[in-house]
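Subject: Structure handover

Hello,

Please find the structure below. My notes follow it.

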2 protein chains.
Amino acid sequence: MQRPYNERMVDSAHRTSRADQRRQTEARILAVARQVFSEYGYDRATIRAIASKAKVNPGLVIHYYGSKERLFAEATRTTPDEPIAGPPDQVAEQLLAALHAKLTEEPTATLAMLRSMLTHPEAAHGVREALRHQQRQISLGLSADDALLRTALTGAITLGVVVGRHLLQLDGLRDASPEQITDLLRPCLESLTRSPAEEPSAER
Amino acid sequence: MQRPYNERMVDSAHRTSRADQRRQTEARILAVARQVFSEYGYDRATIRAIASKAKVNPGLVIHYYGSKERLFAEATRTTPDEPIAGPPDQVAEQLLAALHAKLTEEPTATLAMLRSMLTHPEAAHGVREALRHQQRQISLGLSADDALLRTALTGAITLGVVVGRHLLQLDGLRDASPEQITDLLRPCLESLTRSPAEEPSAER
DNA sequence: GTCTATATTCAGATAGAC
DNA sequence: GTCTATCTGAATATAGAC
């Protein structure tokens with residue numbers, strides 16, 4: 001019915017070989033897949049919908065990526081976060097900088113993973129691993145014996161804020177500027193990354 | 001094949017009328033539905049699996065609840081949280097008490113809703129409404145002009161911690177005691193519910 | 001009150017034509 | 001390189017038997 005993208009471009013330099021054409025189509029499918037997965041999650045995102053938005057046939061998607069599961073794996077592959085390291089008293093600032101970046105623009109691949117983390121085992125595994133990875137880095141710098149819990153909490157807080165803003169679009173979080181948010185969270189993350197000596201245990 | 005639960009109990013007091021029998025079966029289905037929904041989320045939880053675990057026929061589930069959608073609505077209906085009110089300087093403690101309760105044992109109905117909040121529109125709506133409801137209560141007590149963002153952050157933090165513990169089961173969060181967690185989060189929530197006058201804006 | 005049997009819909013995957 | 005046509009499986013929902 002509709003004309004597909006399968007005509008070879010005939011530009012003056014007779015470029016775009018069949019291989020190029022294929023790479024382009026493949027890339028277009030992947031980009032659309034990221035977008036659809038991030039919006040609907042793994043189960044509700046259908047190959048058919050992705051193919052339709054990418055203006056190709058459903059069969060072609062499978063032909064390139066093998067299965068929906070493998071397409072999802074490709075679409076959610078991300079480069080690990082910048083390592084958090086340096087002197088302990090700067091860990092909080094680094095976490096805030098990382099959060100600021102996530103609030104400004106989280107890559108679609110990451111959002112696709114986060115969207116499915118509660119209902120798709122592979123996605124859950126990916127998120128757990130990413131957080132574990134960050135936990136290991138930070139825990140090294142903290143001397144406290146409850147370092148693991150402290151870093152887990154910084155991860156949970158970051159997760160809650162990112163999910164609340166980008167996926168749930170909570171009132172007040174959706175519109176606020178990244179600066180406003182990180183400023184308000186500074187005391188939180190500082191208290192969690194401070195060594196126990198500096199933070200006398202509370203009353204009770 | 002397997003004997004269903006449809007024999008009337010013939011006890012000495014000739015109790016359990018057909019109506020009673022029905023109520024029991026209905027309640028059993030609902031309890032199982034909560035459990036399955038909370039574990040797999042809306043899409044991957046099937047009527048068939050619920051019926052099987054409840055030892056009834058799939059048709060019966062539909063017969064009682066009309067549709068999967070309505071069964072889910074029933075299964076995720078929750079009583080609203082205890083109201084957060086009182087003097088502003090106690091808001092943080094009340095939030096911590098509420099969090100402590102959620103960490104100790106979150107009702108299965110709530111977990112069922114949370115599990116699906118990122119992939120099922122109705123569940124997302126339910127979570128947003130619950131958070132909005134709490135936001136309104138707390139914002140009243142805060143004088144700050146950024147009260148809405150502050151309360152959104154307390155909600156996001158609570159959400160992140162509860163999800164991280166019960167649904168993602170993050171290392172360090174899964175095992176920690178509720179007291180340990182709330183103690184570490186006390187400075188966080190206090191800083192967010194403190195009025196700006198008491199919390200001088202940071203450097204930079 | 002509960003079950004059997006089935007209609008219907010839909011999505012992932014396959015085979016082969018163009 | 002991309003599409004058409006189809007197979008297969010699974011799940012919700014319905015109708016009526018027992």
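A:K55 sits in the loop of chain A between α2 (47-53) and α3 (58-65). Helices here are DSSP runs of H or I with at least four residues, strands are runs of E with at least two, and both are numbered from the N terminus. A:K55 is not a glycine, yet its phi is positive, about 60°. Most residues other than glycine have a negative phi. A:K55 is partly exposed, with a relative accessible area of 41%.

B:K55 lies in the loop between α2 (47-53) and α3 (58-65) of chain B. Its phi is positive too, about 60°, although B:K55 is not a glycine. B:K55 is partly exposed, at 44% relative accessible area.

Before you go on, two notes on the model. It is predicted, so local features need pLDDT of at least 70 and side-chain atom pairs count only at pLDDT 80 or more, while totals for chains, interfaces and linings use all residues. Residues are numbered from 1 along each chain as its sequence is written, chains are lettered from A and ligands numbered from 1 in the order in which they are written, and side-chain values use heavy atoms, with hydrogens and water left out.

Next, the UniProt record. It places a "DNA-binding region" (unreviewed entry) at residues 46-65 of chain A. UniProt positions are in the numbering used here, feature names are shortened, and annotations may be inferred rather than shown by experiment. The end C-alpha atoms of residues 46-65 of chain A are 14 Å apart, and the span is 75% helix and 0% strand. UniProt also lists "domain: HTH tetR-type" (unreviewed entry) at residues 23-83 of chain A. In the model, residues 23-83 of chain A are 74% helix and 0% strand, with 32 Å between the end C-alpha atoms.

Now the domains. Chain A is split into domain 1 (5-75) and domain 2 (88-198), with bounds from an automatic or database domain assignment. The C-alpha centres of domain 1 and domain 2 of chain A are 32 Å apart. In chain A, 12 residues of domain 1 are in contact (heavy atoms within 4.5 Å) with 11 residues of domain 2. The two domains of chain A bury about 790 Å² between them, 64% of it on carbon and sulfur atoms. Buried area is the accessible area (1.4 Å probe) that two parts lose on being put together, summed over both. On the side of domain 1 of chain A, A:R34, A:S38 and A:F72 lose the most area to domain 2, together 49% of what that side buries.

Look at helix α6 next. Why is α6 (residues 108-116) of chain A largely enclosed by the rest of the structure? Eight of its nine residues are buried. Among them are A:A109, A:A112 and A:S116. The cover over the buried residues of α6(A) includes α1 (18-44), α4 (68-75), α7 (121-141) and α8 (147-167) of chain A.

In chain B, B:A112 lies in α6 (residues 108-116). B:A112 is buried, at 0% relative accessibility. B:A112 touches B:R34, B:F37, B:S38, B:F72 and B:T76, leaving out residues up to four places away in sequence. B:S38 is 74 residues from B:A112 along the chain, but their C-alpha atoms are separated by 3.6 Å.

Then the two chains together. 51 residues of chain B are in contact with 52 residues of chain A. Chain B and chain A bury about 4,200 Å² between them, and carbon and sulfur atoms give 68% of that. In chain B, B:L118, B:L168 and B:L184 lose the most area to chain A, together 18% of what that side buries. Four salt bridges link chain B and chain A. B:R44 forms a salt bridge with A:D43, with the closest N and O atoms 2.6 Å apart.

Last, the cysteines. How many disulfides does the structure hold over all chains? Zero, where a disulfide is a pair of cysteine sulfur atoms within 2.5 Å. The sulfur of A:C188 is 3.4 Å from its closest cysteine sulfur, in B:C188, and that is too far for a bond. A:C188 is buried, at 0% relative accessible area. B:C188 is also buried, at 0% relative accessibility.

Best wishes

Definitions and conventions
Buried < 20%, exposed > 50% of the residue type's maximum accessible area, 1.4 Å probe, protein only. Salt bridge = Lys/Arg side-chain N within 4 Å of Asp/Glu carboxyl O.
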